[in-house]
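Visitor: I have a structure open and would like to talk it through. Can we start with single residues and then move on to the packing?
Guide: Fine, go ahead.

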Amino acid sequence: YDGRQHWSLREAYLKHRDRLRQAQGDLYRVKMLLDAHFTSQSSCLKDLDLSILERIADFGFSQGPAVGFLANWRRAPKPVAAASDRPGIRFMARKRPLLPFEVAAGDWDCVTVSRSCARVVCHDGRLHRTGRRLEMLHKKFVLDQAYDSSVSDSEFYEDAVKPLVTSLKEEEAATIICYGQTGTGKTHTFNACWKRLGADLAGRSIAVTFFEIHGKKCYDLLQQRKEVTLRSDAEERVHVRGALTLSADAAALPSLLEEALRLRRSEATERNPLSSRSHAVCVLALDGGRTTLRFVDLAGSERNYETRSMTAQQHRDFAEINKSLMALKDCFRAHAQLLRQKSTRVPYRSSSLTQVLRSCFTPEHRTLILATISPTATDLLHSTNSLLQVTQMSKALSALRSEC
Ligand code: ADP
Ligand code: MG
């Protein structure tokens, strides 16, 4: 492929169906590698990720021309938006690695993460409608922070979660929300955080409440999914009536939480054998409730079209989940408006989820919203959707910042 020639996929397709399928994948990959490099932010050749050259060389490019080719693409890195002047809410993304079964199925990585520029680029390769050439669309999303699949759990924790935990002062509260398609690492990330959290909270008193929201109902994950109810008090603070509060020491925390998370309502969907159909909310009250730390594992953000044969109950579940995610987005938008004095209230009563998360929509609360992303071409639609939702919320708040 010399970049000038056309290739006719349709003709080749008729001749060599199977080989073409392979070749098409290879072409995607080469083009993606090159494009990934062009859209990444290396300002000069010495910053070049040499592994990319090796990978291109794998596809038959010799390294010399490849270096020359890439060296023509010098771009000044854009400054990263300072995240600290956001009003308490930070938006991040984390890409998980390709899993062995995806590699086996011939899937490939089509998401590039630039950590220094806090951006995620989704490379969407598709056949042009004439059927005669490949088209490559690059969708860029800017966040406060972006973590590549090479970032280990401990590095992620140290960078994203630990500052939030250790800087929490008395009477302060923080919430960490994971949002993304099923199978993108929400549970994985939380389990990893809890393992490390134990060490940072050693010596402090911890009281745990852990429940899930399934539709309009709530179930206690510390009491074998006993049904509990949401109640708000005179000051409009939301309580979970009937939920058990366990005091745990820091060392026992990870196993306790992991055990509770296993009780969640999971159901096999067509694509994901274990898809979570509920939101899990874990509340850690530290030092006798003076400081609160919350972890929210949201239900998979898949759209309805994902599953072809659904029962009536599943339809209701999907509708309910989508409704609560919409409500969450509406609340963040309203919160941004409220801070701008363009609105007077946040519509948090519209779903159980937003009722529980109500304190997130107050100016002093600290919130981390993490979009978890799958790297595969198969999941690209979901990945771009998750990123779109999160960047939309982020933009609502950025607009606020620029007005201030
Ligand atoms: P979710 O809770 O979003 O449905 P899971 O946390 O269950 O997704 O992750 C799905 C699979 O991906 C699991 O097998 C998990 O081990 C793997 N996984 C997710 N994130 C990572 C990661 N950062 N590193 C390695 N494996 C990961
Ligand atoms: Mg999960």
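Visitor: Which helix is E258 found in?
Guide: E258 is found in helix α8, which covers residues 253-262. Keep in mind that this is a predicted model.

Visitor: Why does E258 count as partly exposed?
Guide: E258 has 14 C-beta neighbours inside 10 Å. A buried residue needs 20 or more and an exposed one has 12 or fewer, so E258 counts as partly exposed.

Visitor: And what separates the C-alpha atoms of E258 and M136?
Guide: The distance between those C-alpha atoms is 41 Å, and E258 and M136 are 122 residues apart along the chain.

Visitor: Back to the helix. Which residues of α8 meet α7?
Guide: On the α8 side they are L253, P254, L257, E258 and L261. The α7 side supplies T187, N191, W194, K195, L197 and G198. By class, the contact of α7 with α8 divides into 6 nonpolar, 3 polar and 2 charged residues.

Visitor: At what angle do the axes of α7 and α8 cross?
Guide: They cross at roughly 155°, and the axes come within 8 Å. The cut-off for roughly antiparallel is over 145 degrees, so α7 and α8 are roughly antiparallel to each other.

Visitor: What about α6 and α7, at what angle do they pack?
Guide: Helix α6 (residues 153-166) and helix α7 (residues 186-200) pack at an angle of about 55°, and their axes are 10 Å apart. That angle makes α6 and α7 oblique to each other.

Visitor: Is the crossing of α6 and α7 left-handed or right-handed?
Guide: The crossing of α6 and α7 is right-handed. On α6 the contact is made by D153, S154, Y157, V161, K162, V165 and T166. On α7 it is made by A192, C193, R196, L197 and D200.

Visitor: How many residues of each class in that contact of α6 with α7?
Guide: There are 6 nonpolar, 2 polar and 4 charged residues. L197 is listed in the contact with α6, and L197 is also listed in the contact with α8.

Visitor: New topic, the ligand. How many residues surround ligand 1, and which are the closest?
Guide: Ligand 1 is surrounded by 13 residues, and the closest are R96, G185, K186, T187 and H188. T187 also takes part in the contact of α7 with α8.

Visitor: Where does the largest share of the shell around ligand 1 come from?
Guide: From α7, with 3 residues. By class, the shell around ligand 1 has 2 nonpolar, 9 polar and 2 charged residues.

Visitor: Now backbone angles. What is phi of E171?
Guide: Phi of E171 is near 70°, a positive value in a residue other than glycine. E171 is found in the loop between α6 and β6 (173-180). With 9 other C-beta atoms within 10 Å, E171 is exposed.

Visitor: And where is R225?
Guide: R225 is in the loop between β8 (217-220) and β9 (226-232). Its phi is positive, about 60°, although R225 is not a glycine. R225 counts as partly exposed, with 18 C-beta neighbours inside 10 Å.

Visitor: Last one, the whole chain. How many helices and strands are there?
Guide: The protein has 11 helices and 16 strands. Of its 404 residues, 35% are buried. Among contacts with a separation of 6 or more, 70% are between residues 24 or more positions apart.

Methods:
Residues numbered from 1 in each chain as written. Chains lettered and ligands numbered in written order. Predicted model: local features only at pLDDT ≥ 70, side-chain atom pairs only at ≥ 80, totals over all residues. Axes fitted to C-alpha atoms, helices over the stretch in contact; angles between N-to-C directions. Helix = DSSP H or I, 4+ residues; strand = E, 2+ residues; numbered from the N terminus. Parallel < 35°, antiparallel > 145°, perpendicular 65-115°, else oblique. Left-handed = near helix turned anticlockwise from the far one by under 90°. Contact = placed C-beta atoms within 7 Å. Nonpolar A, V, L, I, M, F, W, Y, C, P; charged D, E, K, R; others polar. Near = placed C-beta within 6 Å.
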